[in-house]
Structure formats: structure tokens, C-alpha cells
Amino acid sequence: MTDSDARSTSDDLVAFHSADKVYGNGFRALAPIDLAVRRGEITVLVGPSGCGKTTILRMAAGLTDPTSGTMDRDTDRMSYVFQDPTLLAWRTVQANVEVIAKLQKVPRHERRERAEQAIKMVGLDGFQKSYPRELSGGMKMRASLARSVTSDPELLLMDEPFAALDEFTREKMGAELLRLWREKRFSVLFITHSIYEACTLGHQIAIMNTGPGHVVEVIKSPSPPSLDPDVERDETALRALQEQISITLGSFRE
Ligand SMILES: Nc1ncnc2c1ncn2[C@@H]1O[C@H](COP(=O)(O)OP(=O)(O)OP(=O)(O)O)[C@@H](O)[C@H]1O
Ligand SMILES: [Mg+2]
């Protein structure tokens, strides 16, 4: 990608400009990167362990600053979704799903309504009064996803959210995320180690490598998710993309 490609436009919700990261112990986690999360799109980060994916997400969230360069984010309405669903054990599904909106002081009536809608959308209707211990791993992740959209974010920051799930549940969660995305039209920065997931979800996919962490290539999907659920994906093109990413990542190990 050239500099001019990465220059932010009003279509960019998050933009990194020559942003690098040297941690307090002197470790250089990221060389300067240019990357943009476009409004209404899903940007996926893939790359070997330690290449700085979580560091980028944490910078996007404002949890840590670039050492030099800049991160511009055009919204404060964001939700962070971790690999672990981190539900409160002593609260029901309904209360868990409402908790972030509650912290944000969304009026009770409105957050109840939003939570109800989100719980239905992720297929947990009927489990509002259940406790986390009564749910399967996939159901907990659904509750976590419902919680993250109940605060009505413009930006979802997702760090390997489905990594702990079996493949079948994981595919369903990906489809669930796309359904929520069509409904709510948020933007997403999504980290995964699954090339299949990256190609299914991404409008663009940034391939990263270590030594120090950097973005090798940003690929635009040949058949991105559409807001219209009836638009068929070009499976052949997506399989070719998977193959291409797999070869690129494989070459890093040589
Ligand atoms: N607080 C910190 N202090 C020092 N080094 C850190 C800190 N956080 C992360 N690192 C180092 O920075 C590098 C990038 O870490 P990061 O967590 O961003 O990688 P990642 O791509 O998310 O890896 P993974 O796929 O394993 O989650 C790693 O080498 C890590 O050890
Ligand atoms: Mg990580």
C-alpha cells in the first residue's frame, strides 16, 4: 500500500499514520504502520503471533498511544470484544447484556429495549433469566456480542472473539456478526487467526508479519459482505483469496 492509499478521508473511522509502538521495556512491537478502518466496513487483521495485532486494537481503543505517528478516531462510541466473553457470573444474561449501556447511563427503558432486541438477534431469546454458568461457550459468546451492540457502538474492536469456539459454532457466530452489522451498520476492526473467517467477514484484510510488527499488505475483498443479505458471495473468488493469504502467511515461516 502506498502512502496516498492510507491517507485518511472522511470515509475513515479510524486511521493510523506512521503509527509505531515501542513498549516501556524498550521492546519495539510495531514498525510505523498506515492503516484505515473505513466507515461501515469490516477490517480484518491476520498475522503470526506477536506481530502486533492486539497492540493495534489497543491503540485504536485509546488504551495505549502510538510511540510516534498518530491514530485518529472519529467516534467515541466503541465496544471492545475479547476472546473470553467476560460475563459477570452473578448477573443474568439480561443484566449482563445491559451492563455496558448501564455504565454509559443509557436510560433504563431504552437499554432494556435495545438488550431485548440484541438478545433476540443473537438467538438467545428465552435465556434472559439464565446465569452464565448455565450457558454453553457459544451461548456466552452470543451474550457477549449482544452486550457489545447494546451500547450502540459505531466501532466494534474484536480481538479473536470466536477463537475459543468449535468450528461449527464459530461459523454461526460469524454469520451472526454479519446480521448485526447489516442491521446496525457499525464498523469493525477484527483480529483472527482463521483465514476462512478473515475472508468471510472482511471488506479488507491486512496481513501482518513480525520483526518488528508491520503491515505487509492490505487486500480488498473481491466479494465483500453486502448490506443486502440476498447478494450471493463469489465463493470461487473467496477461496482463491484464502489460498493467496495462506501462501503469504506460509512464506513468513520459511
Ligand atoms: N505491555 C507490553 N510490554 C512489552 N511488550 C509487549 C507488551 N504487550 C505486548 N508486547 C509485545 O509486543 C509484541 C506484539 O504483541 P501483541 O499482543 O500486539 O501481538 P499479537 O499479534 O496480538 O499476538 P497474538 O496473535 O499472540 O495475540 C509481542 O512480542 C509482545 O510480547
Ligand atoms: Mg493478540
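The following legends describe close-up views of a predicted model.

**View 1. The two domains of the protein chain.** The domain assignment divides the protein chain into domain 1, which covers 3-77 + 154-252, and domain 2, which covers 87-152. Taken over C-alpha atoms, the centres of domain 1 and domain 2 are separated by 25 Å.

**View 2. The contact between domain 1 and domain 2.** Where the domains meet, 14 residues of domain 1 are in contact with 10 residues of domain 2. Helix α6 (residues 167-184) supplies the largest share of the side of domain 1 that touches domain 2, namely 8 residues. Sorted by class, this side of domain 1 has 8 nonpolar, 1 polar and 5 charged residues.

**View 3. The surroundings of ligand 1.** The residues that surround ligand 1 are Tyr 23, Asn 25, Phe 27, Ala 29, Ser 49, Gly 50, Cys 51, Gly 52, Lys 53, Thr 54, Thr 55 and Gly 213. Helix α2 (residues 53-61) gives the most to this shell, with 3 residues. By class, the shell around ligand 1 consists of 4 nonpolar, 7 polar and 1 charged residues.

**View 4. The packing of helices α3 and α4.** Helix α3 (residues 93-103) packs with helix α4 (residues 108-121) at an angle of about 125°, and their axes are 9 Å apart. The two helices, α3 and α4, are therefore oblique to each other. The crossing in which α3 passes α4 is right-handed. On the α3 side, the contact is made by Val 93, Gln 94, Val 97, Glu 98, Ala 101 and Lys 102. On the α4 side, Arg 111, Arg 112, Arg 114, Ala 115, Ala 118 and Ile 119 take part. The residues of this contact of α3 with α4 comprise 6 nonpolar, 1 polar and 5 charged.

**View 5. The packing of helices α3 and α5.** Helix α3 also crosses helix α5 (residues 137-150), at roughly 35°, and the axes of α3 and α5 come within 7 Å. This crossing of α3 and α5 is right-handed. From α3, the residues Val 93, Asn 96, Val 97, Glu 98, Val 99, Ile 100 and Ala 101 meet Ala 143, Ala 146, Arg 147 and Thr 150 of α5. The residues of the contact of α3 with α5 divide by class into 7 nonpolar, 2 polar and 2 charged.

Notes
Residues numbered from 1 in each chain as written. Chains lettered and ligands numbered in written order. Predicted model: local features only at pLDDT ≥ 70, side-chain atom pairs only at ≥ 80, totals over all residues. Near = placed C-beta within 6 Å. Helix = DSSP H or I, 4+ residues; strand = E, 2+ residues; numbered from the N terminus. Nonpolar A, V, L, I, M, F, W, Y, C, P; charged D, E, K, R; others polar. Axes fitted to C-alpha atoms, helices over the stretch in contact; angles between N-to-C directions. Parallel < 35°, antiparallel > 145°, perpendicular 65-115°, else oblique. Left-handed = near helix turned anticlockwise from the far one by under 90°. Contact = placed C-beta atoms within 7 Å. Domains from an automatic or database assignment.
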